[in-house]
Amino acid sequence: MSVRARPPFCGLDASMEVISGKWKVLILWALRDQPQRFGALKRQVPGVSEKVLTRQLRELEEDRIVLREAHDDQTGLRVEYSLTQRGVDLYKALEPLGDWGRRYLTPARQDELAHSSTGNA
């Protein structure tokens with residue numbers, strides 16, 4: 001588990017500690033349907049640097065939200081990231097927040113999101 005500055009005050013506080021960081025929610029979104037390799041994750045989370053993505057994945061792994069699996073195949077070592085059951089539960093808990101965000105987006109942003117090929121976040 002990640003080192004915490006203080007014990008959580010309540011359930012929401014504990015949840016926010018786990019998803020704190022600019023990219024963690026988007027990482028959860030990117031992993032919602034299937035395991036992803038690092039490069040695919042980086043493409044699905046535009047704007048994140050490799051260093052930050054690596055750090056955020058490690059923190060999610062420490063919190064048992066993300067599972068990192070290394071497979072040795074014919075082409076060499078292949079690493080995939082997926083959501084653990086805890087991660088799936090967290091993603092499901094965040095879905096209503098995503099619904100709220102879609103309802104309250106500005107019309108211009110709604111049009112942009114509708115034409116996006118990345119789907120719902």
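# A tour of the predicted model

Read along the sequence, the protein chain runs α-α-β-α-α-β-β-α-α. That pattern is made up of six helices and three strands, where helices (H or I, at least four residues) and strands (E, at least two) are DSSP runs numbered from the N terminus. This is a predicted model, in which local features need pLDDT of at least 70 and side-chain atom pairs count only at pLDDT 80 or more, while totals for chains, interfaces and linings use all residues. Residues are numbered from 1 along each chain as its sequence is written, and side-chain values use heavy atoms, with hydrogens and water left out.

**Whole chain**

Start with everything selected. The protein chain exposes about 8300 Å², and carbon and sulfur atoms supply 54% of it; accessible areas come from the Shrake-Rupley method with a 1.4 Å probe, and for residues only the protein chains shown count as cover. Of the 121 residues, 30% count as buried. Buried means under 20% relative accessible area, exposed means over 50%, and partly exposed lies in between (1.4 Å probe, protein chains only). Of the contacts in the protein chain with a separation of 6 or more, 45% are between residues 24 or more positions apart; a contact means heavy atoms within 4.5 Å.

**Helix H4**

Select residues 50-62. This is helix H4, with 13 residues and a reach of 18 Å from its first C-alpha to its last, close to the 18 Å expected at 1.5 Å a residue. The expected span is 1.5 Å times one less than the number of residues.

Now show the side chains of Leu53, Gln56, Leu57 and Leu60, which are buried in H4. Looking down the axis of H4, the buried residues fall within an arc of 100°, so they line one face of the helix. The arc is that of the directions from the helix axis to the C-beta atoms. Turn to the other side of H4 to find Lys51 and Arg58, which are exposed.

What lies over the buried residues of H4? The cover includes helix H1 (11-19), helix H2 (24-30), helix H3 (38-44), strand S2 (66-73) and strand S3 (76-83).

**Either side of H4**

Go to Arg64, in the loop between H4 and S2. The phi of Arg64 is near 60°, a positive value in a residue other than glycine. Arg64 is partly exposed, with a relative accessible area of 48%.

Next, pick Gly47 in the loop between H3 and H4. Gly47 counts as exposed, at 69% relative accessibility.

**Salt bridges**

Side chains of opposite charge can pair when their charged atoms come close. A search of the whole structure finds five salt bridges, each a side-chain nitrogen of Lys or Arg within 4 Å of a carboxyl oxygen of Asp or Glu.

Select Lys24 and Glu59, whose side chains meet in a salt bridge at 2.7 Å, N to O. This pair links distant parts of the chain, with Lys24 in helix H2 and Glu59 in helix H4, 35 residues apart. Is Lys24 buried or exposed? Lys24 counts as buried, at 1% relative accessibility, whereas Glu59 is partly exposed, with a relative accessible area of 24%.

Move to Asp33 and Arg32, where the side chains form a salt bridge at 3.6 Å, N to O. Asp33 is exposed, with a relative accessible area of 64%; Arg32 counts as partly exposed at 28%.

Then select Asp73 and Arg78, a salt bridge at 3.1 Å, N to O. Asp73 is partly exposed, with a relative accessible area of 31%, and Arg78 is partly exposed at 22%.

**Surface patch**

End with Leu97, Trp100 and Tyr104. These residues form a nonpolar patch on the surface, with about 390 Å² of accessible area together. Patches are made of residues with over 30% relative accessible area and no salt bridge; like charges are joined within 9 Å, and nonpolar side chains (Val, Leu, Ile, Met, Phe, Trp, Tyr) within 5 Å. Leu97 is found in helix H5 (residues 85-103) and counts as exposed, at 54% relative accessibility.
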